[in-house]
Amino acid sequence: MEILMAFVIGILFMCATYLILSKSLLRIIIGTGLLSHGAHLLLLTMGGLKKGAAPLLGEEAPSYTDPLPQALILTAIVISFGVTAFFLVLAYRAYKELGTDNMEKLRGTEGND
Amino acid sequence: MINFLLLPILIPLITGVLLMFINKHVMLQRWVASISAFVTVIIAAMLAHKVHTEGIQTLNLSNWDAPFGITLVSDMLSALLVLTTSIISFACIIFSFRGIGQEREKFNYYASMSFLIVGVNGAFTTGDIFNLFVFFEVMLMSSYVLIVLGGTKIQLRESIKYLLVNVISSALFVIAVGYLYSVTGTLNMAHLSERIASISADGQLGIITVIGVLFMIVFGLKGAVFPLFFWLPGSYYAPPAPVMAIFGALLTKVGVYSITRTYSLLFYHEGGTIQTLLGVMAVLSIILGVIGAIAYWDIKKIIIYNIITAVGVILAGVASMNEDALAGSVFYIIHDMIVKAALFLLVGIMIAITGTSNLKQISGLIKNYPGLAWTFFIASLALAGIPPLSGFVGKLLLIKGVFDAEHYWTGAIVLMSSLFVLFSVMKIFINGFWGKPLTYKGEEKAPVRQLMAAPVILVILAVVYGVGADFVFPYISQAANILVNPDLYIDAVLKE
C-alpha cells in the first residue's frame with residue numbers, strides 16, 4: 001500500500017511541477033493545488049497505513065490508527081484551501097487589472113537601472 | 001500568571017478581530033491598534049524580564065503534557081525577538097497614521113497588521129514544529145493581504161510571485177514535517193531533539209541530514225538566503241513604506257530564527273554537512289547582497305539588498321556554532337530588525353517628499369530636511385557597524401566567534417561586507433542629501449514632521465542598544481547559552 005501511495009504522490013508532484021512551470025496563471029494555480037494534495041497524501045503515508053482500525057478506541061484497543069497525521073492533514077487542507085481561494089481571487093483581479101495571465105508578460109523591471 | 005507568554009500572541013489576535021468590526025472608523029482603528037501595540041510592547045518587556053530572572057517559561061496548551069500537546073516555550077531568544085517585533089510593529093503602526101493613506105486604512109490594514117504580529121510572535125514562541133508551520137501560515141496569509149492591499153498594478157503582479165513562492169515552500173514544509181514525523185514519531189521540538197540524538201547514536205545520520213537540508217530549503221526560502229532569495233527584491237519593492245518596513249524587518253528574520261532554532265536544537269548531532277552548507281550559503285548571501293546594494297541606483301532596492309547581506313551575516317554566526325558567535329548573531333539580529341525598520345521608514349519619507357525612489361532624481365534634501373538627513377546618517381552608520389552604535393557590538397562578538405571556529409574566510413568576508421554596506425548607504429546619503437536642492441512636485445503635502453516620529457524612536461533605540469550594550473549583554477548571553485546547550489531547553493520543556 002505504501003509503495004502504491006508513493007507512486008501516486010510522485011505522479012501528483014510530477015504533474016504539479018509541470019503545471020507550475022507553465023506560463024498560464026490558471027495552470028500554475030492548479031499546479032499548486034496538486035502540489036499540496038501530494039504533500040497531504042505524503043503526510044498521511046508517512047504516519048503509516050494498513051492499521052485497519054479507527055483512531056483511538058481507548059487504551060486497551062488491540063489496534064488503532066495514529067490520529068496525529070490526520071489532525072495535521074486537516075489543518076494543512078484548511079490552510080491550502082484558504083490560500084488557493086485567495087490565489088484565485090488575486091489571479092482574477094490581476095487579470096482584470098493587468099490584462100494578461102501570461103507570466104512572461106508579468107516580469108517587473110522597476111528600479112533596475 | 002502561567003499564561004503570561006501567551007499574551008503577546010493573544011493581544012494582537014483579539015485586537016485584529018476587533019479591528020475588523022470597526023474598519024470604517026479610521027480614528028478609532030488608529031487608537032485601538034496603537035494602544036494594543038503599545039500594551040504588547042510592555043507585556044513583551046515584562047516577559048523578557050521574567051525569563052531573565054526565572055528561566056525558560058513553558059506553557060502546555062489545554063494541559064496536555066509535553067510532548068503530547070502543543071507547547072509554547074519562551075526562552076531568552078524568543079522573548080527578545082517577541083519584544084523587538086512588538087516595538088517595530090508599534091513604530092510601523094504610528095508611521096501608518098500618515099504614511100499609508102485612508103484608502104488602505106479603511107480596508108482592514110490595521111487588522112492585517114495585527115494578524116501578522118500574531119503569526120510572527122507565535123512563530124517565535126512555539127515549541128512544536130507543526131505549530132510553527134501553522135503560525136507561518138498565519139503570518140503569510142496576513143502578509144499576502146498587506147502586500148496586495150491597494151491593488152496597484154505592480155502590487156498585483158509581485159503578489160502573484162510572492163504567493164507562488166510561499167505556497168511551494170509551505171508544501172515543502174508539510175513534506176519535511178511528514179518525513180520528520182515518520183522518522184521520529186513526535187513533533188515537539190524538545191522531544192524531537194532527544195529522539196534525533198538517539199537516532200544519530202544508532203548511526204543513521206543519512207535520513208537526518210536529508211530532513212535537515214529540506215528544512216534548510218524551507219526556512220531559507222522564507223529567510224531569503226542565497227540561492228533562495230530570488231523572489232525578495234521584486235516582492236518587497238511593491239508595497240508602501242510601512243509594509244515594506246515590517247516585511248524587511250520581521251518576515252525574513254522569522255526564517256532566520258527558524259534556521260537557528262532547528263539547527264541548534266535538532267540537527268546539531270548531524271555530522272557537519274548542514275553546518276558547511278549553512279556557512280557557504282551565508283557567505284554567498286553576504287557577497288550577493290553587497291553586489292546588489294552597490295549596483296542599484298534605487299533607494300528601495302539598495303536597502304532591500306542589504307537585508308540579504310544581514311541574513312548572511314547572522315547565519316555566518318549561526319554556522320560557527322559557538323557561544324560568542326551565537327551571542328553575536330542574537331545581538332545582530334535584534335540590531336538589524338530595528339535599524340532596517342528605521343531605514344525603510346526613512347526611505348519611505350524620502351519617497352513621500354520626492355515622489356520617486358530613483359536616486360539620480362533626488363538631490364540636496366539636507367537643505368530643507370536636516371532632521372531627516374541626520375537621522376538617516378545615524379541609521380546608516382549603525383547599519384554598517386560604526387562604534388559605538390549597535391551594529392558594531394554584534395559584529396565584534398560575531399567575528400570573534402567566527403575566528404574562534406577557524407572560519408577565517410567567513411570572518412574576512414563579514415568584515416569586508418561592512419565596508420561595502422557603508423558604501424551602499426553612504427551612496428544614498430551623498431547623492432540624495434548633499435548637492436543642489438531640487439524642488440519636487442507635491443513636496444509641501446508630505447507630512448514629514450509627523451512621519452519622522454516612528455523612525456526617530458527606532459534610531460534612538462538603536463543608539464541606546466549600542467551604547468548600553470553592557471546592560472543588554474546578560475540577556476543576549478543567556479539566549480546564546482541556551483542555543484549552545486540545548487539540554488537546558490529540553491529539560492525546561494519536558495521537566496525531567
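The largest nonpolar core of this predicted model holds 219 residues; a core here is a set of buried Ala, Val, Leu, Ile, Met, Phe, Trp, Tyr and Cys residues joined through C-beta atoms within 7 Å, and buried stands for 20 or more other C-beta atoms within 10 Å of a residue's own, C-beta atoms being placed from the backbone. Helix 14 of chain B (residues 323-354) is the top contributor to this core, with 23 residues; helices are DSSP runs of H or I, at least four residues, numbered from the N terminus. The residues with the most contacts inside the core are Leu315(B), Ile338(B), Ala341(B), Ala342(B) and Ala462(B). Leaving aside residues up to four places away in sequence, Leu315(B) touches Val225(B), Val256(B), Ile259(B), Leu278(B), Met281(B) and Ala282(B), with contact taken as backbone-placed C-beta atoms within 7 Å.

As for the bookkeeping, residues are numbered from 1 along each chain as its sequence is written, and chains are lettered from A and ligands numbered from 1 in the order written. Since the model is predicted, local features need pLDDT of at least 70 and side-chain atom pairs count only at pLDDT 80 or more, while totals for chains, interfaces and linings use all residues.

On to helix pairs in chain B. Helix 6 of chain B (residues 129-148) and helix 7 of chain B (residues 153-184) pack at about 175°, axes 10 Å apart; axes are lines fitted to C-alpha atoms over the stretch in contact, and angles run from 0 to 180 degrees between N-to-C directions. That makes the two helices roughly antiparallel, the label for angles over 145 degrees. Their contact splits into 15 nonpolar, four polar and one charged residue, where Ala, Val, Leu, Ile, Met, Phe, Trp, Tyr, Cys and Pro count as nonpolar, Asp, Glu, Lys and Arg as charged, and the others, Gly among them, as polar.

Helix 3 of chain B (residues 76-99) and helix 5 of chain B (residues 109-125) cross at roughly 170°, their axes coming within 9 Å, and are therefore roughly antiparallel too. This contact has nine nonpolar, six polar and no charged residues.

Between the chains, 33 residues of chain B are in contact with 30 residues of chain A. Helix 7 of chain B gives the most to chain B's side, with 18 residues, and that side divides into 20 nonpolar, six polar and seven charged.

Definitions and conventions: Parallel < 35°, antiparallel > 145°, perpendicular 65-115°, else oblique. Buried ≥ 20, exposed ≤ 12 C-beta atoms within 10 Å, placed from the backbone. Contact = placed C-beta atoms within 7 Å.
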